[in-house]
Amino acid sequence: AILLRAVSPGLLRRLLPVIVSMVCSVRRFQAGDVTPTATFQLETDIERHLRELGRVIMEWTLNQLEPDDPGLLPPQLHWRGEYYSRRTQRSPLRRLACLFGPIRLSRYVYRPLDDAEHCLFPLELALGLVDGTTPALADHVGRLSADLTQKCVLRELSTRGITWGVGTLRKVQQTGPAHTKSFVRIGFRRGRRDSSRPCGVS
């Protein structure tokens with residue numbers, strides 16, 4: 001009952017299938033002979049389910065940050081000498097990589113008023129994404145890269161469902177984790193317009 005009250009129904013609906021699968025793995029182990037092979041299978045199953053729980057929670061949480069109503073966001077932003085105008089529809093980032101694996105992120109896009117090519121995604125800036133990579137994963141990649149070859153790093157990432165090429169890996173290695181850099185604030189708070197700050201990015 002406490003869990004039902006504390007967790008959003010939308011998140012709970014996504015978590016329940018994973019939890020049920022993990023419980024089934026435990027029951028299969030309990031119903032069979034206790035052997036090294038069965039123990040190995042149980043441990044790897046639990047690891048896989050826990051990682052999927054983390055992936056689901058991460059994806060759901062990040063997609064709740066921007067309000068559904070675009071009117072709660074600033075209509076224009078000023079960033080690095082350029083002015084940007086908000087679009088009413090969210091744009092999907094289909095392959096955002098986090099520690100738990102790939103996730104999808106829908107975020108609002110701001111297009112430059114002077115028709116320049118580069119768009120602005122304030123949520124990505126606020127989260128500190130590096131080439132479609134979360135700060136924690138970028139940090140993890142940096143630590144792996146200190147001791148492993150690129151091939152070994154890519155192999156380890158593939159166990160998380162992350163299929164990068166050498167080019168993407170090099171970009172993340174060169175950029176480094178975003179949590180070591182200055183944070184970016186965007187002009188809204190969750191669920192309502194932030195009237196205490198100007199409509200801009202600082």
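The model is a predicted one, so local features need pLDDT of at least 70 and side-chain atom pairs count only at pLDDT 80 or more, while totals for chains, interfaces and linings use all residues. Residues are numbered from 1 along each chain as its sequence is written, and side-chain values use heavy atoms, with hydrogens and water left out.

Start with the sheet. Three strands form an open sheet in the order S1-S2-S3, with antiparallel pairing. Strands here are DSSP runs of E with at least two residues, helices are runs of H or I with at least four, and both are numbered from the N terminus; two strands pair if DSSP finds at least two bridges between them. At the edges sit strand S1 (76-79) and strand S3 (101-112), each pairing on one side only. From one strand to the next, the twist averages 45 degrees. Angles run from 0 to 180 degrees between N-to-C directions, with axes fitted as lines to C-alpha atoms, for helices over the stretch in contact. Strand S2 (residues 82-98) pairs with S3 in the antiparallel sense over 10 bridges, and Ala97 stands opposite Pro102 in S3. Lying across S2 and S3 is helix H3 (residues 36-63), which runs at about 15 degrees to S3.

Ala97 turns up again in the largest nonpolar core, which has 12 residues in all. Such a core is a set of buried Ala, Val, Leu, Ile, Met, Phe, Trp, Tyr and Cys residues joined through side-chain atoms within 4.5 Å. Buried means under 20% relative accessible area, exposed means over 50%, and partly exposed falls in between (1.4 Å probe, protein chains only). Helix H5 (135-145), helix H6 (150-158) and helix H7 (166-175) each supply at least two residues of this core, and H5 gives the most, with 4 residues. Leu137, one of the core residues, touches Ala97, Cys98, Leu99, Leu157, Ile162 and Trp164, leaving aside residues up to four places away in sequence; contact means heavy atoms within 4.5 Å.

In H6, the residues Val153, Leu154 and Leu157 are buried. They span an arc of only 95 degrees around the axis, so they are on the same side of H6; the arc is that of the directions from the helix axis to the C-beta atoms. H5 and H7 are among what covers the buried residues of H6.

Now for the charged side chains. The whole structure has 9 salt bridges, each being a side-chain nitrogen of Lys or Arg within 4 Å of a carboxyl oxygen of Asp or Glu. One of them joins Asp68 and Arg90 (3.5 Å, N to O). Asp68 lies in the loop between H3 and S1 and Arg90 in strand S2, so this pair ties together parts that are 22 residues apart in sequence. Asp68 counts as exposed at 67% relative accessibility, whereas Arg90 is partly exposed at 25%.

Another salt bridge links Glu124 and Arg107, with the closest N and O atoms 2.7 Å apart. Because Glu124 lies in helix H4 (residues 122-127) and Arg107 in strand S3, parts that are 17 residues apart in sequence are tied together. Arg107 is buried, with a relative accessible area of 5%.

Glu156 and Arg160 also meet through their side chains in a salt bridge (3.1 Å, N to O). Glu156 is partly exposed at 22% relative accessible area, and Arg160 is buried at 15%. Finally, a network of salt bridges links Arg14, Glu52, Arg55 and Glu59.
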